[in-house]
Amino acid sequence: MTTTSVERYTKLPDAISPQARQEIADELRPLLADVFALYLKTKNFHWHMSGLHFRDYHLLLDEHADQIFSMTDDIAERARKLGQPTLHSISDIVRHQRLKDNNADGLDALAMLAELAADNQILTRSLRQAHEVCDERNDVATTSLIENWIDQTERRAWFLIEITAKG
């Protein structure tokens, strides 16, 4: 008789219930899709940046993209540690993402940065929602990770908002 991964994980002494694990994974899946979408949009704008402050913006977006990408493995592995599946493909990302793609050509640098600021703010709200779900289900490990991601995401939004501020 084989044991499923969920059954294995529920035998831990301080296990989170199978239902709670599913609910947490249901939060992590779209979160991971949004992080991948934001990563690709940030790289897209990094690659297509031009204008007076090209070097500064280009380097900033590269730094942001690296930070965003570093979240992906932690999110996916957290779902797996809970005995749940995670994203499998680009089409799976598209199916779950909430952030909108941008395939426009010739965007102004400040428009790019403003869009990324807004996306980071949306991601912050999604992270807070996921944190609430994890906290209610006593998943201390995931809430701890999310707290760091909220801080990083708020910092990215802050930088982008300050760059695009008028006056």
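## Pocket lining

The lining of the largest pocket divides into seven nonpolar, four polar and two charged residues (nonpolar: Ala, Val, Leu, Ile, Met, Phe, Trp, Tyr, Cys and Pro; charged: Asp, Glu, Lys and Arg; polar: the others, Gly among them). This is a predicted model, where local features need pLDDT of at least 70, side-chain atom pairs count only at pLDDT 80 or more, and totals for chains, interfaces and linings use all residues. Residues are numbered from 1 along each chain as its sequence is written, and side-chain values use heavy atoms, without hydrogens and water.

The largest pocket has a volume of about 320 Å³. Of its 13 lining residues, Phe36, Ala37, Leu40, Lys41 and Asp101 are the closest to the centre. Helix α2 (18–48) supplies the largest share of the lining, six residues. α2 and α4 (90–96) each give at least two.

## Helix packing

Helix α5 (residues 109–136) packs with helix α6 (residues 140–164) at about 160 degrees, axes 8 Å apart. The two are therefore roughly antiparallel (angles over 145 degrees). The crossing of α5 and α6 is left-handed. Their contact has 16 nonpolar, eight polar and five charged residues.

## Glu63

Glu63 lies in helix α3 (residues 54–81). Its relative accessibility is 47%, so Glu63 counts as partly exposed (between buried, under 20%, and exposed, over 50%, with a 1.4 Å probe and protein chains only). Glu27 is 36 residues from Glu63 in sequence. In space, the two are 26 Å apart, C-alpha to C-alpha.

Conventions:
On a 1 Å grid over the protein atoms alone, a cavity is a set of points where a 1.4 Å probe fits but cannot get out, and a pocket is an open set with protein on both sides within 12 Å along at least five of seven lines; lining residues have an atom within 4 Å of a point. Grid points are joined across faces, edges and corners, and a volume is the space filled by probe spheres set on the points. Helices (H or I, at least four residues) and strands (E, at least two) are DSSP runs, numbered from the N terminus. Axes are lines fitted to C-alpha atoms, for helices over the stretch in contact, and angles run from 0 to 180 degrees between N-to-C directions. Angles under 35 degrees count as roughly parallel, over 145 as roughly antiparallel, 65 to 115 as roughly perpendicular and the rest as oblique. A crossing is left-handed if the near helix is turned anticlockwise from the far one by less than a right angle, and right-handed if clockwise.
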